[in-house]
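Visitor: I am new to this structure. Please take one part of it and describe that part closely.

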Amino acid sequence: FNRLAWGLAPDRRPYGILAGGLESGELNLWDPKALISKGEASIMRNRLHKGPVRGLDFNPVDTKFLASGATDGEIYVWNLEDPSKPYSPGTRSQRLEDVSALAWNRQVFYILATGSNNGNSVIWDLRNRKEIICLTHPGGRRSISSLAWHPDNVLNGHSKGIVGLSWCSKDSDLLLSCGQDCRTIVWNPNTATMIGDLHYSRKPTFDAQWCQRNPDLVCVASYDGTVSVHSIQGHGETEVASAAPVDNSDPFNMSNFNQPDTSVQFTLPHPPKWLRRPAGCSWGFGGRLVSFGTGSGAEASVRSVTVRPVASEPAFVSRAVDLEMVQSGGNAEELIAYCQKMTSPENKTASDKDKDVWKFISVLFDAGAREQILNYLGFDKEDIGGPRLSGLLKRLKLAAEPPAEENGDAPANGAEADDGDVFAAVAANASLPPPKTPFKLFSGAKGEEHDVDALVTKALVMGDFETAVKVSLGAERLSDALMFAVCGGVELLGFAQREYFRRLRDKKSYARVLESVIKGDLHDVVENAQIDGTDGDWKDILAVVCTYSKNEDMNELLSILGRRLEALSAAPASAASSKGAAATADWKAREERKFAAVLCYLGAGDLGKVLDIWVVREAEEERLLRGLGESRLGKGATRQTARVLALQSVIEKVQLFRQAISYKDDDLVAAGDQAAADGGAGLKLDALYRRYVAYAQAAASQGMVGVAWDALQLVPASFQNPDAAVLRDRLFRSGLVPAATASAPAPEPPYAVTDLTAPAAAPAPVQQQRQQSYSRGQYAGGQYAVQPTYTGAPYGGVGYGGDYGGATDYYGNLQQPPQQYTADPRYQRYGGGVGDGAYQPPAPPTAAFGAPAGYAGTPPPPMAAGTSRSGSRPGVA
C-alpha cells in the first residue's frame with residue numbers, strides 16, 4: 001500500500017468504507033465490518049491509474065466522493081454511489097508530475113488540493129472543473145508528502161523534513177506534524193505557536209493521525225515498525241529515544257536507528273475545543289442571567305460576558321407590575337377600574353366566583369357601600385317581589401290605595417307630622433275633615449264580637465287606652481291594640497309591641513325580623529335565621545344587616561354570618577348526596593356557601609377569616625391552572641407558572657381589600673415586644689406573611705426587586721422566617737433597591753459576621769513552670785506542636801502549609817480562632833513554609849486547658865528529631 005483512507009459510507013455502512021491505493025496503481029474499496037467478520041469485504045477493485053496511487057482522501061462534507069491521485073498528474077474523483085464512472089477535476093495540470101498527496105477542503109466540498117513530487121500544489125474547483133491556484137514550495141523541487149487545509153501561518157520547529165500533517169477535525173487550534181527528525185509536534189496554527197512535542201521516537205516518523213471518533217487520541221507511525229497511541233491530555237514523562245542526525249537521502253540507512261535516550265513531556269496549555277464550553281450561563285440574584293459565549297459573523301471569535309435581566313414568567317411579571325402601579329397611585333377611581341379589569345372577559349385565568357369577588361371588592365371603595373352591596377346582591381325597591389311575586393304585589397298595592405274622594409287635602413295649616421312623635425302624627429291626621437256619614441257608637445247587635453266592640457268603644461270614650469289595648473289583645477285584635485297603644489303613651493306602646501311579637505314571632509317570620517329591627521339588635525336574625533334554603537336566604541340576611549345594623553355592630557354581625565356559612569360549606573355530606581347528580585348539586589351548594597362566607601368576611605373587614613378561605617382556594621386554583629395549558633397561561637407555561645399565578649391571585653385580592661377598608665396591621669405597626677419575645681408565634685396573619693415572603697421571592701427571581709422589597713415591608717420583624725431574613729438582607733445589600741438603602745436601617749444579617757482583617761488574638765498564656773520544663777527542640781516540630789483542626793467547620797482549617805485551621809491543645813480542644821501564618825525567613829533553612837516556620841506553638845497543655853482528670857503533668861514522649869507531622873519538614877532543634 002502507498003496510501004490508506006477511511007471514510008463514511010453514503011449507503012450507511014456502519015463502519016464506513018476503507019480505501020487503499022496500491023503501488024501497482026490499483027484502487028481497492030473494502031467494507032470494514034465484513035473484514036472484522038471475515039466475510040466478503042471487497043466492494044470495488046479498479047486499475048484505472050497507470051502508476052502508484054499516493055493520494056487518497058474521502059470528502060468530509062459530501063461523503064459519497066473519494067479522490068485519488070497517481071503518477072503523471074492523474075487525478076480521479078469517484079462517486080461511491082456509482083464507482084464505475086470516475087471523472088477528473090479538469091484538464092490535466094501541466095504543473096503536476098506525480099501526485100504525492102491530496103486533500104479535500106473541510107468546509108467547501110467542491111475544493112480539492114493536490115500536491116506533487118515537484119513541489120507544486122494545485123487547488124481545484126470541481127464545480128467549474130478547473131484549477132484555481134498553484135502553490136510552489138519555497139525550497140524548489142521538493143516532494144509534497146502531505147497536505148492539510150488552513151488559510152495561512154508558517155510554523156517553524158522541525159529540524160528535518162516534515163513527512164506527515166494532520167489537522168484535528170474537532171479543534172482547529174490543534175495540528176499534528178511528524179518528520180525525519182523523529183519528532184511529533186502539536187501546533188496551534190491559528191497563533192503560529194508550537195504547543196509541544198507529543199512524541200520523540202528512536203527512528204523517523206512518517207505519519208501521525210487524529211482519531212476521528214475520539215479526538216483525544218493520536219496515533220504515530222515510525223520506521224521502526226511501531227504505531228504508538230497517545231492522549232493529548234496525558235501528563236507526566238515518557239522515556240523514549242531521541243534522534244541523532246539523519247541522512248535525508250536514505251530513510252532506511254541504519255545510522256538513522258542509533259539514537260540516544262531522552263524524555264518528552266507534553267501538556268496542553270488550555271482545554272481542547274471539544275472539552276471547552278462554547279457557551280454557558282448562570283442565574284444570579286434578582287433574575288439576572290450571566291452568560292458567556294462567542295458572537296456571530298465577523299465577531300465569531302470574540303468571547304463576551306453578558307449580564308441581563310430575564311423574566312421566565314412573563315404573565316406573573318405583567319400582573320405584578322400592574323398591581324404595583326395601581327397601589328402606588330392610590331386613586332379610588334384607578335382602584336375601581338383595576339377591579340373591573342379583573343372581572344372582564346380578558347382575564348382568562350379567573351373563575352366566575354373570583355370575578356364576583358372582584359365586583360364585591362370594587363363596591364367597598366364606594367362611599368355608599370351599604371346601598372351598593374344591596375344593589376350587588378340584586379335587591380331593588382322598585383321590584384321587591386321579583387318575577388314570581390310581582391303580580392301579587394301590584395294587586396295588593398292597588399287594593400291598599402284609598403278611594404280618591406277619601407284622600408282629602410293636605411292639612412290646612414300645611415304642617416307636616418314629625419316621624420319621631422307618634423302623637424304629632426295622630427294630631428296631624430286628626431286635622432282632616434271628619435266624614436259626613438252618620439254612625440252609631442254601639443251597634444246593638446248580639447254576639448261576642450259585638451260585645452268586644454262595645455267594650456273597646458266604652459274604654460275609648462272614657463280615655464282608658466290601657467283597657468282598650470288589653471281587650472283588643474285578648475280578642476286577638478293585634479292591629480287595634482297597636483293603634484290604641486300609640487295614643488296611650490310610650491310604656492303602653494312598648495307593652496303592646498312586646499305582646500304583638502310574642503304572639504307572632506313563631507308564626508310570622510317578618511314579625512321576628514321586625515322585632516330585631518325595633519330593638520336595634522340583629523343578632524337573633526343573623527344567628528338563628530335559616531341560611532340553607534333554595535331562595536338565597538343568606539342574601540336576605542345580609543340585606544337586613546346592611547339596611548338596619550348600626551355601624552359599630554355591622555362587622556360583628558357579618559362575621560357571625562360568615563362563620564355560619566363557612567361551617568355549612570365544610571359540613572360532612574349526607575349519604576344521599578354522595579353520588580351522581582346529587583353529589584354535583586351538593587358540591588355547587590358548598591361552593592356557593594363558601595363564596596357567601598367570603599363576601600360576609602369582606603363586608604366585615606375580617607382579613608384573617610377571608611384569608612383562610614383564599615388559602616384553600618389558592619391550592620384549588622393552582623390545580624385548575626395546571627390543567628389549562630399554554631393556550632390560557634401562555635407559551636412555555638410550567639407547574640411553576642401555575643404556582644406563581646395562584647399566589648399572585650391571592651396577593652392581588654388581599655392588597656386591594658386592604659386598601660378598600662384601610663386595613664391596619666396591628667402586628668406590623670406595633671411590632672410588639674411580646675411577639676418578638678416568643679419568636680413571632682401567635683401572629684394573626686401568619687399565613688399571609690408566609691405568602692408575602694413567597695411573593696417577594698418570586699418577584700425577586702423575575703428581576704422585580706422593588707416589588708419584592710415592598711412585599712417584605714408588609715412582614716413584621718417579629719415574624720421569624722429564615723427565608724424572609726435572607727431575602728431582606730440580600731435586597732438591602734444588592735444595591736438594586738435605592739429606596740431601601742436610603743430610607744430603611746440596615747437589617748440584621750441572618751448569619752454570623754467574622755472580620756477576617758482583624759488582628760489575630762494573642763496565644764493563651766501558659767505557666768512559666770511548664771515552659772521551662774521542656775526545651776524548644778522537644779516540641780517545636782514534634783509531638784507538642786499545635787495540632788491542625790482537620791474537621792475545622794466553621795473555620796475550615798487545613799493544617800500545616802496553608803491557612804491554619806485553629807489552634808487546639810493536645811486533646812483537641814480549640815484554644816484560639818484560625819489564623820493565616822506567614823513563614824519566618826529565619827526558619828526557611830529548616831524547610832518551613834507558609835503556616836509553618838513563624839508559628840510559635842504554646843507550651844504543652846495543662847489541666848486548665850482541658851487535660852483529662854488525673855493528668856499528672858507528665859507529657860507523652862516527644863517525636864524523634866528530624867521528623868514532623870507532614871513527613872517533609874525536619875524538626876527545629
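**The contact of α4 with α19**

Guide: Helix α4 passes helix α19 in a left-handed crossing, the near helix being turned anticlockwise from the far one by less than a right angle. Helices here are DSSP runs of H or I with at least four residues, numbered from the N terminus. The model is predicted, so local features need pLDDT of at least 70 and side-chain atom pairs pLDDT 80 or more, while totals for chains, interfaces and linings use all residues. Residues are numbered from 1 along each chain, and side-chain values use heavy atoms, without hydrogens or water.

The axes of α4 (residues 352-364) and α19 (residues 639-661), lines fitted to C-alpha atoms over the stretch in contact, come within 9 Å and cross at roughly 20°. That makes α4 roughly parallel to α19, a term for angles under 35 degrees.

On the α4 side, D354, V357, W358, I361 and L364 meet E652, K653, L656, F657, A660 and I661 of α19, with heavy atoms within 4.5 Å. Eight of these contact residues are nonpolar, none is polar and three are charged.

The whole structure holds two cavities of 30 Å³ or more, each a set of points on a 1 Å grid where a 1.4 Å probe fits but cannot get out.

How values were computed: Axes are lines fitted to C-alpha atoms, for helices over the stretch in contact, and angles run from 0 to 180 degrees between N-to-C directions. Helices (H or I, at least four residues) and strands (E, at least two) are DSSP runs, numbered from the N terminus. Angles under 35 degrees count as roughly parallel, over 145 as roughly antiparallel, 65 to 115 as roughly perpendicular and the rest as oblique. Ala, Val, Leu, Ile, Met, Phe, Trp, Tyr, Cys and Pro count as nonpolar, Asp, Glu, Lys and Arg as charged, and the others, Gly among them, as polar. On a 1 Å grid over the protein atoms alone, a cavity is a set of points where a 1.4 Å probe fits but cannot get out, and a pocket is an open set with protein on both sides within 12 Å along at least five of seven lines; lining residues have an atom within 4 Å of a point. Grid points are joined across faces, edges and corners, and a volume is the space filled by probe spheres set on the points.
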